[in-house]
Amino acid sequence: MNIPRQFYGVNYISRLISNYQDTEKTYFPKMEYNYIDNKEHVALNKLSSLKLDINAGITYKFLNKLMEDKSCGVDGIAIARGEDVLLTCYRPPYSEAVPHITNSSCKTVTGIAVMFALSEDKLSLDDKVISFFPEYDGKLVPKRVREITVEHLLTMTSCSKTNELISVTEEDWCKAFIMTDCSENPGSRFIYNSINTYMLGAIVKKATGYCLMDYLTPRLFIPLGITDIKWELCPKGLERAGWGLHISLEGMLKVGMFLLNDGSFHGRQLIHPSFIRKMKNINVPQDTDNLSTGYGYQIWHLPSIKGRENRSGLYMLSGMYGQHVIIDENRRMIVAVNAHSDKMFPESKLTRSILSYIGMEELYVTDFAVKERINYRRLINMVNLYEKDTVLYEDAERIRSCIGKLDYKRLRIENGSIKLFPYLMQSMYMYPPYHVNEMAVKIVDEDTIKIGFYKAKTGNDKKNVSDNKAETDNSQYVTENTEKVQPKREHLDFNFGIGVFRHEMKGFGDDVRPVACKAHIAKDEDGRNVLMLDIVFPDTGYSRLIKLFFMEDSRLVLECVEYPDIKAIVDRVLSGETVLSGNTVDFKDKLPESIRVMLDHQMEPRMNVQVVKK
């Protein structure tokens, strides 16, 4: 089956559509994590291109093209050969200091935990899933569910009808899985489903007595020297297993080295190599991705771009939007990447670009020593340039000039509002849309501006204005269009750096997460100034970009976009074949026209903004 559009893994369409509604919900649920308690960092050895036999000139062209390609949306990339690193490059505001979400690439880490449990005789591949959960065993358990084994979960062949939507509808995910029937007999078909991986994590806990993080810490994370890592928890306090792992690029690179070396690292064999070989060599046919040639135990098989379609030794840890680790065993190459592309799984321009790069025979032939050293220095200089978060004096002055016109002003959106948080923050972390119809601008100093985003008032808010007219305090303000004194409104303040990202830990209700904000200037196609307000959540890879267009008639026009590009994702869902947990669905002619119009309208069209004095 040739499916050009992939939309599986998390059942987004239901959540995305529901979050387009104009809800007034403002509660930010707290995300609970399991943290690693390991301070013993193990540094990786960095070598030059000449010592690694990697052509620096070819790598320079590849990296420059990849980092400049907006469709790939690279946040960070690391290249290694064996256990030696050629380079690690981050684009601001991303860095090694903030572990990045891995999305589904952490499924392979869960698979490694299962391999350790198998090697210690804690469980077997033929064990029935139901045998680990006697508390749910009863007459209501479907017959086919009783036949699901650990190996079915590892190979995504359980055929369970349970999908990722239960993560927002159910408290007990294990019970939901066991009580839900299968679409086909287990083992008969590959159906990608993150709840399979979640069940593997739950089984590790049942079989060993330890949750995934506690089990893997002495066996994998400490030996590899991975020190800064956290895993999102389900309502029952278990790691989500199939998603939710936050780890640095270096950490994922080390996991790739462990797999490349069949379970060893820095000369120490951490598990019998046969278990890792089996994990990689099992190859289940799959029909849901155009690129992958099969699926192992929670790991994807990849083809050679040069045409040797079934050459063994190419594997991939794959997470949506470009969280990948690509391993070429034959050349001992590893490329780890974080990105915010709008692509879901292995099939993407990003993946194909990396495969083309590591598949070039000439990459492994260096130039003569002097030229190679010059090209390597040029490559490292480019990496350093990408990682610098600096602004030219002239650009900073232009930014201050534009912002100066808005200092101590309120920007009121006419006849509408914007949603402050990216749609993917809403779907993955249950954040509210947080409708905003006013922004208050204040220059803090020459390097920082503060912008308050004021929640759009509800009918109840308007009613309370007249009731509370007599109440006055320092938080009140008066607009030039009304004599009414208004009470303090709910708002969120963000500090934006002038031309560079300003980092801070920000509290959102019960939740706290890192935020990086930058104000910078661009020009539109007509040469007008556009003030860009970039709000990035670097631990997730999600960002919101608010554009303010300065029109000739002194009007302001506002537009919002976000990355990954939600417009592209929804368009892909609405315009072609879609895979929802293995079920092919063509939405093109099935969604009512009213919903299509509503979705287009909700994608933040341009809005006029009125400048109002405080």
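The largest pocket of this protein is lined by 39 residues, and those nearest its centre are Lys-70, Arg-91, Lys-518, His-520 and Asp-534. The structure is a predicted model. The volume of the largest pocket is about 1300 Å³. Sorted by class, its lining comprises 17 nonpolar, nine polar and 13 charged residues. Several elements each supply at least two residues of this lining, among them the helices α3 (56-68), α13 (369-387) and α14 (393-404). The strands β3 (74-81), β21 (511-523), β22 (529-537) and β23 (542-550) likewise each supply at least two.

The protein as a whole may now be considered. It contains 18 helices and 27 strands. Of its 614 residues, 59% count as buried. Among contacts with a separation of 6 or more, 68% are between residues 24 or more positions apart.

Helix α12 (residues 349-358) shows how burial can be arranged along a helix. Its buried residues are Leu-350, Thr-351, Ile-354, Leu-355, Tyr-357 and Ile-358. Viewed down the axis of α12, these residues fall within an arc of 160 degrees, and therefore they line one face of the helix. The elements covering them include α3, β3, β12 (314-319), β13 (323-328) and β14 (333-339).

Glu-490 is located in the loop between α16 (459-467) and β19 (491-498). Because its relative accessibility is 37%, Glu-490 counts as partly exposed. Glu-490 and Lys-455 are 35 residues apart in sequence, yet their C-alpha atoms are 5.7 Å apart in space. Leaving aside residues up to four places away in sequence, Glu-490 touches Thr-26, Tyr-434, Phe-453, Tyr-454 and Lys-455.

Most residues other than glycine have a negative phi, and most peptide bonds are trans. Pro-92 and Pro-93, however, are joined by a cis peptide bond with omega of about 10 degrees; Pro-93 belongs to the loop between β4 (84-90) and β5 (100-101). Another cis bond runs from Tyr-563 to Pro-564, with omega near -5 degrees, and Pro-564 lies in the loop between β24 (556-563) and α17 (566-575).

Positive phi values are found at His-266, near 55 degrees, and at Met-430, near 60 degrees. His-266 is in the loop between β8 (264-265) and β9 (268-269), whereas Met-430 is in the loop between α15 (423-429) and β17 (435-445). His-266 is partly exposed, with a relative accessible area of 43%; Met-430 is partly exposed, at 31%.

Definitions and conventions:
Residues are numbered from 1 along each chain as its sequence is written. This is a predicted model: local features need pLDDT of at least 70, side-chain atom pairs count only at pLDDT 80 or more; totals for chains, interfaces and linings use all residues. Side-chain values use heavy atoms; hydrogens and water are left out. On a 1 Å grid over the protein atoms alone, a cavity is a set of points where a 1.4 Å probe fits but cannot get out, and a pocket is an open set with protein on both sides within 12 Å along at least five of seven lines; lining residues have an atom within 4 Å of a point. Grid points are joined across faces, edges and corners, and a volume is the space filled by probe spheres set on the points. Helices (H or I, at least four residues) and strands (E, at least two) are DSSP runs, numbered from the N terminus. Ala, Val, Leu, Ile, Met, Phe, Trp, Tyr, Cys and Pro count as nonpolar, Asp, Glu, Lys and Arg as charged, and the others, Gly among them, as polar. Buried means under 20% relative accessible area, exposed over 50%, partly exposed in between (1.4 Å probe, protein chains only). Contact means heavy atoms within 4.5 Å. The arc is that of the directions from the helix axis to the C-beta atoms.
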